[in-house]
Amino acid sequence: MRMRKKKNLDSRLEAVSEYLTDCEYADLNFQNARANRQLLDLKAIYGNDNPLVLEIGCGKGTFACTYAAEHPEINLLAVEMEANVLVSACEKAKEAGLKNIHFMRCNAQYLPAYLAENSVEAIFLNFSCPYPKNTYANHRLTHKAFLDIYKELMTEGAVICQKTDNQKFFEFSIESLSQNGFKLSNISLDLHNSDFEGNIITEYEQRFIDEGKPIYRLEARI
């Protein structure tokens, strides 16, 4: 079900336009988008050539804004498909006065149309939709189709960091990443009862913590 448009959404988006690039592509065939690239001018967006970090599915921006504030040495590009959600993330960044963060309304399949090869040093997948039905497996952000996109975008030594509350999705991700040439490390089956340091709790994560659910986490590199 599509989310109902928020009241005053257009005016709110206009007020944070300096933080947002809308990359909704008219052609629904993402292969055509790849063939007709419109690369983002990252130097113009951020004003520097700092390393680029990508979060896919940023939600209301808690992780993205916190990570950007804690790491001024990087540029963070946060991707989300729903404008209703994305506007809150942009407002959060603007209120905090963050200069090293930008948001993009985009489906992850279209990322190669806007980002250059070998340009991303880390990719965060925080509580992506698990698409539990097997018939929708190709929509999962750790499906081979998406992993091939990440490989194209990642620099040498870049890392994918995934967190989820869904055990079956986590198991699927481990299998998919392993079968597609990624080496896994720092695998946790219960993040909040581990010795991992520096975790940033997202909106969804706090809800799952309150419900007593374990959080699964991994890192993957080529």
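Predicted model: local features only at pLDDT ≥ 70, side-chain atom pairs only at ≥ 80, totals over all residues.
A salt bridge is a side-chain nitrogen of Lys or Arg lying within 4 Å of a carboxyl oxygen of Asp or Glu. K92 belongs to helix α5 (residues 83-96) and E203 to helix α8 (residues 203-210), so their pairing ties together parts that are 111 residues apart in sequence. K92 is partly exposed, at 32% relative accessibility, and E203 is likewise partly exposed, at 30%.

The structure holds 13 salt bridges. One of them joins K144 to D148, whose closest N and O atoms are 2.7 Å apart. Both residues lie in helix α6, four residues apart, which is about one turn of the helix. Another is formed by the side chains of R221 and E219, at 3.4 Å from N to O. Here R221 is partly exposed, with a relative accessible area of 31%, whereas E219 counts as buried because its value is 9%, under the 20% cut-off.

The largest nonpolar core comprises 35 residues, and L111 and Y150 have the most contacts inside it. Elements giving two or more residues to this core include β2 (52-56), β3 (75-80) and β5 (120-126). Helix α6 provides the largest share, five residues. Apart from neighbours within four places in sequence, L111 is in contact with L54, I56, V79, M104, C106, I149 and L153. A second, separate core has 29 residues, among them Y19, C58, Y67 and V159.

Methods. Residues numbered from 1 in each chain as written. Heavy atoms only, no water. Core = buried A, V, L, I, M, F, W, Y, C linked by side-chain atoms within 4.5 Å. Buried < 20%, exposed > 50% of the residue type's maximum accessible area, 1.4 Å probe, protein only. Contact = heavy atoms within 4.5 Å.
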